[in-house]
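These entries record what I looked up around a metal site and the strands beside it. I kept them in the order in which I made them.

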Amino acid sequence: MNFVIFLFLLAERNLQIWQNFDLYYLSLIFDDSLQGEAVQDWREIVTYFSYPIRARDYSRWPDKPEGWIAVTEKYSEKLMELACQLLEVLSEAMGLEKEALTKACVDMDQKVVVNFYPKCPQPDLTLGLKRHTDPGTITLLLQDQVGGLQATRDNGKTWITVQPVEGAFVVNLGDHGHFLSNGRFKNADHQAVVNSNSSRLSIATFQNPAPDAIVYPLKIREGEKAVLDEPMTFAEMYRRKMSKDIELAKLKKLAKEQDLQAAVEKAKLDDKPIEQIFA
Ligand SMILES: O=C(O)CCC(=O)C(=O)O
Ligand SMILES: [Fe+2]
């Protein structure tokens, strides 16, 4: 069975798979979804770590439906190979030896996230997944034919829909890839929109460096400034990103509350009944 259909059936039927995940996974989900946000993402996810193999905890992998583990193992292995090949090409494009980027990852981690975006009755009011950049080195995304992924190159002025292509992966560079290339390879902002006609499924495979891998540009060309002030571990880079994102989310929430408060105050002055403000 086609892997996407396989996963799609799982998600569509909302099978026991969700129940097989325990608190450990739930905490990861909450870690990813920025608790400070005023609006939550319109998506459900299943996530697991597939590399390094020694860190796999099969007791936490779902055993239903039959075949899940074997298909998932194969998929993870093939995607690890593909990601390493892509990193070789990118290393060469930077004028470095083929292994430069994979070596900088020390021992590459892989995390697979299955995103399920249910149909949304009012898609204009929400997003399946809010605007973000991926933190890791490179991401390979498989999406079904529904479409909803958008990316921007101009800081959000124009969003481009990434049309699904049957059998093709969307490849995007994460923050780590951006830093290692000294900003030559962009970590494009992206988001996922939802729609009222169909649910949507995508599978993101994140290739990340080991937590203690050092993050710093591998090559700084003449006349360029380093995009980072100092080398740091990937764990530290991730921690800083998360705290910045949480701060931003809190500020957005506050601004929204203040807008609401201002509207209430104004309505009081205009003597408008409160029900009309929220109508
Ligand atoms: O579902 C998509 O199209 C985007 C998923 C994504 O960006 C992510 O999981 O980080
Ligand atoms: Fe992403």
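Entry 1. I note here that the model is a predicted one.

Entry 2. Which residues coordinate the iron ion (ligand 2)? I found His 132 through NE2, Asp 134 through OD and His 190 through NE2, at 2.1 to 2.2 Å. I wrote down the sequence spacing of these donor residues as H-x1-D-x55-H. His 132 belongs to strand S3 (residues 129-132) and His 190 to strand S8 (residues 189-192), so the pair ties together parts that are 58 residues apart in sequence.

Entry 3. I followed S8 to its partner. S5 and S8 run antiparallel and are joined by four bridges. Opposite Asp 189 of S8 I found Thr 152.

Entry 4. I next checked the side chains of strand S5 (residues 149-152). Leu 149 and Ala 151 point one way, whereas Gln 150 and Thr 152 point the other way. I recorded all four of these residues as buried.

Entry 5. Which sense does the pairing of S5 with strand S6 (residues 160-161) have? The two strands pair in the antiparallel sense, over two bridges. In S6, I identified Thr 161 as the bridge partner of Gln 150.

Definitions and conventions. Residues numbered from 1 in each chain as written. Chains lettered and ligands numbered in written order. Predicted model: local features only at pLDDT ≥ 70, side-chain atom pairs only at ≥ 80, totals over all residues. Heavy atoms only, no water. Donors = N, O, S within 2.8 Å, 3.2 Å for Na, K, Ca; no water. Buried < 20%, exposed > 50% of the residue type's maximum accessible area, 1.4 Å probe, protein only. Pairing = 2+ DSSP bridges.
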